[in-house]
Structures are given as structure tokens and as C-alpha cells.
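Okay, thanks for coming, everyone. Let me put the model up, and then we'll walk through a few spots in it.

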Amino acid sequence: MAPPSRCFDTINGATDNGAVPVPVMVDAPQSPKVLDPDEFRRQGHEVIDFIADYYGRMGDYPVHPSVKPGFLRDVLPTDAPSRPEPDAFSSALQDVRDLILPGMTHWQSPRHFAHFPASTSTVGALGEALTAGINVVPFTWAASPAATELEMVVVDWLGKALHLPESLLFAGGGGGTLLGTSCEAMLSAIVAARDKKLEEIGGNRIGDLVVYCSDQTHFAFSKAARIAGIQRDHCREIQTCHENMFALSPKVLQAAIQADVDAGLVPLFLCATIGTTQTTAVDPVGELCAVAAPHRVWVHVDAAYAGSALVCEEFRHLIDGVESVDSFSMNTHKWLLANIDCCAMWVKRPSALVAALGTEPEYILKDAAASTKEGDGVLDYKDWGITLTRRFRALKMWLVLRCYGVDGLSDHIRSDLRMAKAFETMVKADPRFEVVTDRKFALVCFRLRPPPHKFGGEKTANDLNRALLEEINAVRSGPYMSSAMVGGMYILRCAIGSKLTQDRHVKDAWEVVQDRASSLLLKMETIYSLRH
């Protein structure tokens, strides 16, 4: 017997026997195989080989490119392809090699001495790859329990390695988290301090809140304060001086706070710095805490760069008094071999962060498995920072700590310190130059001494050193350095931190500096002779 006919009812969407047919897809588009294990393995090998070759041929690239705005936009298509070309991934890697790398500043170059290091390592890079491959979103404990608990373990490991007080660790009632940058840490801390203070004095007094820092504090702090609702003219940037190596003076801070109190304002927050951006000045944490305490000012320590050096016991004295701070942050991606991004932040009272940044909605952020009572160790990191979506940074940091060990990280720091000391020694040996500030870490701040009075003396010193830096950075084979303006002086900064840098690169860099200085000074003499 023939099967019953199935005539489709175009009006009611059913056949004459009541069954709803399954639509037949003719020439339906097929999703690309974006997670095919074999393809992943093949392309992954290409990437690893590419990166290994990049490090092996780093010397082929100038540290800083000589390109003009639009150089890359002019050679790439204006629209994305509608369909991939054959072997698109290999072709794209070729474009990275031919078009993109030549236009990059190569931060891992052994001749990169500008700014601060963006440290990397084999384990840090592979940790990033592993994190990206697993690709979880650990905003709550339930969303990825192991990710949350590994982060809790790692921040305590790291805090102990940095000789932080137990009061900032989970083991002592505090706790930590891994954020993207110090900017996030500062903003989170300011918001927590703001809400805590406004709960005491009333929300309508937000316009009376005042925050404090030095004129050497990273500009990220004033930006974070503005985002948190602090009036622009209520961010006190306290002037520092060369005689005090640009550290924040407790006496001057006390006077500033008292003046605000007398004016009816409310001191809220102090950002002290261990290793300022310009010169790596170190603020006296303990003395500053003593000034802030009577006014119940939240004290945060920003140790973005120099915090890594605390793995070395000999630097522990730089944070004397840190037991009194409310929060502390540092970037392991600057000098502790954890690739960008990874900022560790610790707080003495996590409840203040959660009160200010916590979220309550149950609809997507909780599930039945997370219905444990408070105190059972469940922690939702979404309540510890600005963002809800967050990365599994703990995996990378755990691998770095596990594979290099605290002693290995200390050796890494001391190696950079040794090379920085060698550079400093060479600068001091040339009477034409001076080291401007005491070297504490792996940054040397120096300049050509002011020329004789007949050449303008101190008035022309800044122009001379500005020209010197331009000459140095124009040398195609490097080195690449940066500058700062402190105490009215234009200075050159040589920051050692690339793991490819060796003694010979430091020596070569100094020889370039000397050669360019000789050329400039000779030119100055020649011009003077012609005019007189």
C-alpha cells in the first residue's frame, strides 16, 4: 500500500494528516570548523614557530619603527573578506611578518630601554595561550570553581613571595584578586573608600571629598578619581623636590590635609607609590600612614613597577609600615615575567570592596550549586572589581610561580639590577654626564651636565638633552630610551628589563650615548666658534 499523501497546508503550516513537516534546507550555509582539533594543532604549531622565529630574529628589527601615520591602513583592504582565501591563516601570518612587525615597537628587544619593561617569558606566553584555549569566564565561583579558587591560592602565594603582611592575605582576613592594570586597582579602591566614607558622612557630601598624591604619582590616579566622582580641583598633587629624591613628604602631606579639614572638606584617600614612573621614587609608606590615620584616610600603595623587586629580601625595608595600608597593587606583567595583563591587588577589608562593587541579581549569575552559606569559602570575584567579565589570569600566574619559583624570580630581578648598576657606573665615569636620582631598581636617570656658561649653561641643558635623546633613538640598531621632566630638568631614562638583554647590549647602548653626545657637543663648539 502506498504511504498516505502529505499535502502541506500553506495557511496553517501542517499536512492534511496534522503532522508538521521538517523543513528541507537546500544549500544551507555551513558553519566553518572554528574548533577543529586537527586544524588547531596545525595552526598552533605555525604560531609557536612564528613566535620562536620572532625572538630568534629580534635583532633584525629596529627597536622603534620609522613609519608615518596611515602606513598600515594604506596597504590593507578597506573591507573584511566575505570569504577566506585559501590557507588564510598562513597568509595572515605572512602579513604579520611582512606588514605588521616592521611597524611595531619591539618591547622585548634586548635594546629596548624605554618606559618600563613589559616582561615576558616562555611560561608566561604559554600560560596566556592555555588561558585563551580554555576560555572560561570566572565572574562567580559557580561559573568556574577551580578558576576562582586558583586565584585565591595564587594571590596568597604571590603576597607571601613579596613579603606582604598577613593582614592583606586571605590567610590573615584580607584577600587579593588579579585585575588587568593598576588603573583598575586604583579605581576599585577609590570607589570602596568613597562609599565607606559617604556612609559615615552622608551621600550628599560627595563634593567635599579630597584625595591626595604626589606630583610624581601616575596620572592614572587622577583619572580614576575623576571617574569615581571626585572633583578635579579636589585631587591634591603635592609637590616633591630633588633634595628628597622626589618622594612624597609626610610633613607637606600633613599640612595639606589639615588645610582641607580647616576648610570643611573631607580627606578621603592617599595614593603612595613604591617606584614612581618618572624616577622610581619611593614614598615613605609608614610615615604617610601615620599622617593619614587620625583622619581615617584610606591608604593605597601603587607598586606597579617596583613591587616585583619585593621578591628580593633586600628590598623589604622599602615598604616598612605597609601593615597599616588599606590596599596594595603591583603589575606582575611589568617585571615579574607574567605577560600582559596581570595586576595583583590586595585589600585589608574585602568587605569594603564587595559593599561598593557587589551585584545582587540572581537571574544569570547564580545557580543551585552556589547556594552555600556565606562563610563556606565561596567568593564571587565579580564583586571585587569594575568588570563582570574577567579573564582566568590566575592560571598564567600560577604557572610562572610554579615553573620559575620565588628564588628564580629573585635571580631574574637581581640580574637586571646588576646590569643597571653597570650602566650607572659607566655614566658616573664620564664627567660630561650626571646621574640625576639615586638608582633603587633597574632604572637609571641621567643627563648631560649643563654646558659651560658661554653655551647657555642650565638654560640650554634641557634642549641639549632633548636633542641627545633624539639622536640616540635615531640610531637604527638601537638603543631606544625615553625621557622625563622632573624638578625642571629634562632627563634620559634607561630602564633595563627585557629578558633578551645581555651585558653587551648595555655596553653597546652606553657607547651610542657617548658617541651621540660627543657629536652634539662638537657641533655646539663649532657653532659657537663661527659666531664668535
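So, the lining of the largest cavity: four residues there are nonpolar, none polar and three charged. For those classes, Ala, Val, Leu, Ile, Met, Phe, Trp, Tyr, Cys and Pro count as nonpolar, Asp, Glu, Lys and Arg as charged, and the others, Gly among them, as polar.

Quick housekeeping. This is a predicted model, where local features need pLDDT of at least 70 and side-chain atom pairs count only at pLDDT 80 or more, while totals for chains, interfaces and linings use all residues. Residues are numbered from 1 along each chain as its sequence is written, and side-chain values use heavy atoms, with hydrogens and water left out.

Back to that cavity. The lining is Phe50, Asp53, Tyr54, Arg57, Tyr61, Arg97 and Leu101, and the volume is about 50 Å³. A cavity here is a set of points on a 1 Å grid over the protein atoms alone where a 1.4 Å probe fits but cannot get out, and lining residues have an atom within 4 Å of a point. Points are joined across faces, edges and corners, and the volume is the space filled by probe spheres set on them.

Which helix gives the largest share of that lining? That's H1, residues 37-56, with three residues. Helices (H or I, at least four residues) and strands (E, at least two) are DSSP runs, numbered from the N terminus.

How many cavities of 30 Å³ or more does the whole structure have? The search finds two.

Now Phe315, in the loop between strand S7 (298-302) and strand S8 (327-331). Buried or exposed? Phe315 is buried, because its relative accessible area is 9%, and buried means under 20%, exposed over 50%, partly exposed in between (1.4 Å probe, protein chains only). Leaving aside neighbours within four places in sequence, Phe315 contacts Ala309, Leu310, Leu417, Lys440 and Phe441, contact being heavy atoms within 4.5 Å.

Compare Asp60, in the loop between H1 and helix H2 (88-100). Asp60 is partly exposed, at 49% relative accessible area.

Last stop: strand S4 (residues 209-214) pairs with strand S5 (residues 235-238) in the parallel sense over four bridges, where pairing takes at least two DSSP bridges.

Terms used:
On a 1 Å grid over the protein atoms alone, a cavity is a set of points where a 1.4 Å probe fits but cannot get out, and a pocket is an open set with protein on both sides within 12 Å along at least five of seven lines; lining residues have an atom within 4 Å of a point.
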